[in-house]
Amino acid sequence: MTTLQEARRRITAAWPARATTREAATEAGGGPRSYFLIGGATILLLLMGVVMVLSATTITSIRANDGNPFAQFLPQARFVLIGLPLAFVATRIPVRWYRWLAWPALILSFGLQLLIFTPLARNEGGNTNWVLIPGLGQTVQPSEFLKIGLALWLGLVLATQGERLRHFKNFVLPTLVAGIGLALVLGGHDLGTAMVIVAMVVGAFWIAGVPGWFFGVGGLVGLVAAAALVVISPSRVNRILDFVGVGGADPTGAGYQSLHGMYGLGTGGLTGVGLGASREKWAYLPAAHNDFIFAILGEELGLLGTLLVLGLFGILAIGMLRLIRRHPDPFVKITTAAIMCWIIGQALINIGVVVGLLPVIGVPLPLVSAGGSAMISTLVALGIVLAFARDEPGARAGTGATMASARRSLAVVGSRMRRRG
């Protein structure tokens, strides 16, 4: 064999070992696409939320705070600045640590939720679901952090059962614990958050492989329980009657908020009246900066703006579904499913209320509406999912390849600029 042939043989043999990191990541499963889908959608939704909260609160802030247009926006900005570092830390925690944290997180979150039955509890809008932090004068909504604790715990417990979940006795404990959490939330009369927790539990149980008959029985029990909770509350009865069109013709009654939400969406048209130009935010639409911010967004940015928000939530869902499909760890799959059903389910409930598909239910639009506890807990939950996405097969190698490629591109651009200079 000639020297040239020998050299060619050695190069050919060594070529697979010298494959690029990006190629290796692709072979391992597609690289860090889930990470970028989830992270990118989160950042864009958060940016839209910050802008819309500022827009929605400007007029009422000027009227109520001696001309200061930022009085209601600054607390929300503070919560975002608290939530972002916490979310970043959450992305760096290894998956095995989250398994260790599952039980402490559940116990701590249940303990916080129990505070709504103490003198520290505060009532707002008929719901006793806030707790005053002594010495700070700040309230916190424990049920938002209960969602995180429950998602991690369900992921841990259900992942250990595997095929045994075909038998009822093996998912009695998760059902009981989830029921206790649901009862604690309903103890504060917060039906909206209770619906979101039910969606979380359904998502976790479905991915874990709980038999289909359980969902049928659970659905019937849930419908009966929901009907009972509506009947015992006059305000809920009025909302339902107004929703089905038999609540009377009083435009200032139970349907006032929904009516003005539809006014905002209808006024926006295709492209909106312009950012900051909403009429409904001039104290016509209650809760314009939190539960009904989607109406202000539709009024100012139009149908295109609302479709953009829906598209971003769709991308967020696709990223989490991709992670569930590709990650080999059942704990990651089940926990991600619970968080996905929380965030996407809550978004669908909120938007459904604003567009008139559901009766008025007080839940914020994740990452977009104003709210301290909701913002921080949502950012932390998505940070946990991003930590899972970093652990996805091929993700670390693919991320390293992407960063290396970006550095090479910047180096080339820099060298060209120096030559031109």
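Close-up 1. R322 is buried, at 13% relative accessible area. Buried means under 20% relative accessible area, exposed over 50%, and partly exposed in between (1.4 Å probe, protein chains only). R322 forms a salt bridge with E392, and their closest N and O atoms are 3.3 Å apart. A salt bridge here is a side-chain nitrogen of Lys or Arg within 4 Å of a carboxyl oxygen of Asp or Glu. R322 sits in helix 12 and E392 in the loop between helix 14 and helix 15 (395-420), so the pair ties together parts that are 70 residues apart in sequence. Helices (H or I, at least four residues) and strands (E, at least two) are DSSP runs, numbered from the N terminus. E392 has 2% relative accessibility and therefore counts as buried. E392 also meets the side chain of R326 in a salt bridge, at 1.6 Å from N to O. That pair links distant parts of the chain, 66 residues apart: R326 is in helix 12, E392 in the loop between helix 14 and helix 15. Both R326 and E392 are buried.

The model is predicted: local features need pLDDT of at least 70, side-chain atom pairs count only at pLDDT 80 or more, and totals for chains, interfaces and linings use all residues. Residues are numbered from 1 along each chain as its sequence is written, and side-chain values use heavy atoms, with hydrogens and water left out.

**Close-up 2. The D329 to R99 salt bridge.** Side chains of opposite charge can pair when their charged atoms come close. D329 and R99 form a salt bridge, with the closest N and O atoms 1.8 Å apart. The pair links distant parts of the chain, 230 residues apart. D329 lies in the loop between helix 12 (293-326) and helix 13 (330-354), and R99 lies in helix 5. D329 counts as buried, at 14% relative accessibility. R99 is partly exposed, with a relative accessible area of 29%. By the distance rule, the count comes to five salt bridges.

**Close-up 3. The second largest pocket.** Rolling a probe the size of a water molecule over the atoms shows where empty space is left. The second largest pocket holds about 330 Å³ of space. Its lining has 17 residues, and A105, I148, L152, V380 and I384 are the closest to its centre. The search uses a 1 Å grid over the protein atoms alone: a pocket is an open set of points with protein on both sides within 12 Å along at least five of seven lines, a cavity is a set of points where a 1.4 Å probe fits but cannot get out, and lining residues have an atom within 4 Å of a point. Grid points are joined across faces, edges and corners, and a volume is the space filled by probe spheres set on the points. Helix 4 (73-92), helix 5 (95-114), helix 6 (142-159) and helix 14 (372-390) each supply at least two lining residues. Helix 5 gives the most, with six residues. By class, this lining has 15 nonpolar, two polar and no charged residues. Ala, Val, Leu, Ile, Met, Phe, Trp, Tyr, Cys and Pro count as nonpolar, Asp, Glu, Lys and Arg as charged, and the others, Gly among them, as polar.

**Close-up 4. The largest cavity.** A search of the whole structure finds one cavity of 30 Å³ or more. The largest cavity has a volume of about 50 Å³. Residues lining the largest cavity include Q346, P364, L365, P366, L367 and S369. A370, G371, A374, M375 and T378 are also among them. Helix 14 gives the most to this lining, with three residues. The lining has seven nonpolar, four polar and no charged residues.

**Close-up 5. A nonpolar surface patch.** F168, V172, W213, V217 and V221 make a nonpolar surface patch of about 460 Å². Patches are made of residues with over 30% relative accessible area and no salt bridge; like charges are joined within 9 Å, nonpolar side chains (Val, Leu, Ile, Met, Phe, Trp, Tyr) within 5 Å. Accessible areas come from the Shrake-Rupley method with a 1.4 Å probe; for residues, only the protein chains shown count as cover. Helix 9 (residues 212-231) provides the largest share of the patch, three residues. V221 is found in helix 9 and counts as exposed, at 53% relative accessibility.

**Close-up 6. Two loop residues with positive phi.** Most residues other than glycine have a negative phi. H189 has a positive phi, near 65°. H189 lies in the loop between helix 7 (172-186) and helix 8 (191-208), and counts as partly exposed at 44% relative accessibility. A283 also has a positive phi, near 65°. A283 is placed in the loop between helix 11 (256-268) and helix 12, and is partly exposed, with a relative accessible area of 41%.
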